[in-house]
Amino acid sequence: MKTHLLFIVRLYVTYIVAFILIKPVFMLYNSVTPVLFSDILQVIRHGLIMDCSVAGYLIIIPLLLILLSVWLSPAKWWKPTMTVYFAFVALVLSVIFISDCALYPFWQFKLNAMALSYMGSLKGAVDSVSTGFVIAGTASVILFAGGLFFIQYVSLPTKTEKATHRILLSIAILILGVGAFIGIRGGFGKSTMNVGTVYFSDVLFLNHSAVNPAFSLFYSSLKAEDFDRMYRFFPEDKADQIFQEAHYSTLSHHTDSLLNTTRPNILLVIIEGFGGSFTEHIGKRKNITPNFDRLIDEGVFFSHFYANSYRTDRGLVSILSGYPAFPETSVLQYPDKCQNLGAISSSLLENNYSTEFIYGGDINFKNIKGYLLSNGYQRVFGDTHFPSEIRTSHAWGVTDVIVFDTVYQRITHKPSQPWFSTFLTLASHEPWIVPFQRNGLDKVANSMAYVDHCIGNFVDKIKHTPLWDNLLLIFLPDHGIGYPEGVTVNDIQRYHVPMLWLGGAVREPRTVNKICNQTDLVATLLGQMNISHASFPFSRDVMSKDYRQLAVYMFNNGFTVIDSTGYTSYDLNSSKTIKSCPLPSSERMKMGKTLLQKYIEDFASR
């Protein structure tokens, strides 16, 4: 029994060691600057959790074969079967690792499902490189595969006789299988393993070096969709014509000024699920968000502001990158596309701002950390940056009152350099359990009241610091929720959310009644700062003179278009209009289809 178990352990370690050794090779081959030994150690340390995940996948079949060998005679089939499996693993991994290393200088992202799309044009790809390059690559594959096969093969037990302690060995194998599963998912956290889990630096090459290319390839293959065929409502020239005629301008032209400075310090607070339904100004409810409602009279309030989608991962991309959501696809599932979206943070970083992101929960969730570090955030803080005793003060991590205090301490001790900080709250989320109670509220509304309480205390405290004079404090939600009961996933009420700009940097209190989207924050903010936002093709400056009132939101398998004449919701499954208010509008529908087609065309090209 001991022989079988040691075999699995040796095999597991063999895979991990192979993954570790390939990392410095990748770095030395692809780096354009000298590789520091400390960088190699950092890459290995942060990439280890993903290496363990891939190793866990690879030992599943050996575990199953050993389990069969416990109950069946292995003399004739066990060793040959394992030999074939070892050869297959060695060949596949060697092709993946060598291809990843060789292609990175051309692609600048890790091997992913895109590589599979080039298999039909393999001859053209080979013809585009030198014969020496092909020979060197082929030789490297053979050498790596041969070495890995040999190391796996010699780990095979010399004796494969039938185990005498079947039940004990079966239990031991089951325990190893559970351990492998834990490694596969990346531990016990709420988020499962994704490419962004191993991101740790604002230097993208180091993050890429930490990613196991086998995981990147298979993860992206599972997520792959044929974007070139999705949402094709019109011929391309017709869609371009409709788009141009709609005057969908992303320029800042004679912008109406909201600020008294073009270089404020900026704190962006993204409030989990904080829909307009909970506020007095939008939802006509007085007892849930009294602090937020009173602050509206002190700042710039966007009264007809709409979320782009219904989930945090999608809302973050819309807010930070000015990039639209999709009915089914989450942009964060595609790390290679995420890394070139750009964001408020990357634009401000180029203008000498320091940048950071703070969240009390699992920052690896849905590849959030990878996305942030790829788009201009120099420092990213999650639950593991807080003391262990408070990491579970809420079901999703560190409760908001603690993180608000942490944010206060950080921003009030920042140097004079302009800075941009983003804080994502989490307490106003299921299971709606918070350390706060306001009489007369159900648990959902009470969780929003808790966040409102935190906001009120935070603003009142920061007002009495010198920081306030040059501070722009922006509050908006990542998305709305289905509240009150009966509000469906496609209901316009769910997407009508508040956005509020506060602080000494605000010129004067006012209400902006223009219809706009989360995606418009990027262009509107950068427009106020006289910073170019030309690289954000779907973000519009709401305060620009030629801004056309329009908002779009996506729900599961559908979209809604809102303009000054009303709104129209469309179901993609049935290809029918769900609701149109006050009257049906072919123009709204045509615009919605055109925008969705333009969105997916842009996404497919990235």
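How many bridges join strand E6 to strand E7 (residues 496-502)? The answer is 3, and the two strands run antiparallel.

Before the close-ups, two notes on reading them. This is a predicted model, with residues numbered from 1 along each chain as its sequence is written, and local features need pLDDT of at least 70. Side-chain atom pairs count only at pLDDT 80 or more, while totals for chains, interfaces and linings use all residues, and side-chain values use heavy atoms, with hydrogens and water left out.

**View 1. Strand E6 and its two partners.** Helices (H or I, at least four residues) and strands (E, at least two) are DSSP runs, numbered from the N terminus. Two strands pair if DSSP finds at least two bridges between them. E6 pairs with strand E1 (residues 265-271) in the parallel sense, over 7 bridges. To find your way around, look for Leu 476, the bridge partner of Ile 270, and for Phe 475, whose bridge partner in E7 is Leu 500.

View 2. Buried here means under 20% relative accessible area, exposed means over 50%, and partly exposed is in between (1.4 Å probe, protein chains only). In E6 (residues 471-477), 7 of the 7 residues are buried, so the strand is largely enclosed by the rest of the structure. Leu 471, Leu 473, Phe 475 and Pro 477 point one way. Leu 472, Ile 474 and Leu 476 point the other way, and both sets are buried.

View 3. Leu 67, Trp 71, Ile 167, Ile 171 and Ile 175 make a nonpolar surface patch of about 500 Å². Helix H3 (60-71) and helix H8 (166-185) are the elements that give it two or more residues, and H8 gives the most, with 3. Leu 67 is found in H3 and is partly exposed, at a relative accessible area of 30%. Patches are made of residues with over 30% relative accessible area and no salt bridge; like charges are joined within 9 Å, and nonpolar side chains (Val, Leu, Ile, Met, Phe, Trp, Tyr) within 5 Å. The areas come from the Shrake-Rupley method with a 1.4 Å probe, and for residues only the protein chains shown count as cover.

**View 4. A buried lysine without a salt bridge.** Lys 369 lies in helix H17 (residues 368-374). A salt bridge is a side-chain nitrogen of Lys or Arg within 4 Å of a carboxyl oxygen of Asp or Glu. Lys 369 is buried but has none: the nearest side chain of opposite charge, Asp 362, is 7.8 Å away. (Lys and Arg count as positive, Asp and Glu as negative; His and the chain ends are not counted.) Leaving aside neighbours within four places in sequence, the residues in contact with Lys 369 (heavy atoms within 4.5 Å) include Gly 196, Tyr 199 and Val 380.

**View 5. Asn 194 and Asn 367.** Asn 194 sits in the loop between H8 and helix H9 (204-210), and Asn 367 in the loop between strand E3 (354-359) and H17. Asn 194 is buried at 4% relative accessible area, and Asn 367 is buried too, at 1%. Not counting residues up to four places away in sequence, Asn 194 touches Asn 367, with Met 50, Phe 215 and Lys 366 also among its contacts. For Asn 367, the contacts counted that way include Leu 332 and Pro 335. Asn 194 and Asn 364 are 170 residues apart along the chain, yet their C-alpha atoms are separated by 7.7 Å.

View 6. The structure holds 16 salt bridges. In one of them, Glu 298 meets Lys 463, with the closest N and O atoms 2.7 Å apart. Glu 298 is in the loop between helix H13 (290-296) and strand E2 (300-306), and Lys 463 in the loop between helix H19 (443-462) and E6, so the pair ties together parts 165 residues apart in sequence. Glu 298 is partly exposed at 35% relative accessible area, and so is Lys 463 at 27%.

View 7. Glu 601 and Lys 598 lie 3 residues apart in H22 (residues 586-605), about one turn of the helix. Their side chains meet in a salt bridge (3.9 Å, N to O). Glu 601 is buried at 18% relative accessible area, and Lys 598 is buried at 16%. Salt bridges that share partners join Arg 232, Asp 240, Lys 598 and Glu 601 into one network. Arg 606 forms a salt bridge with Asp 602, the closest N and O atoms being 2.7 Å apart, and Asp 602 is buried at 17%.
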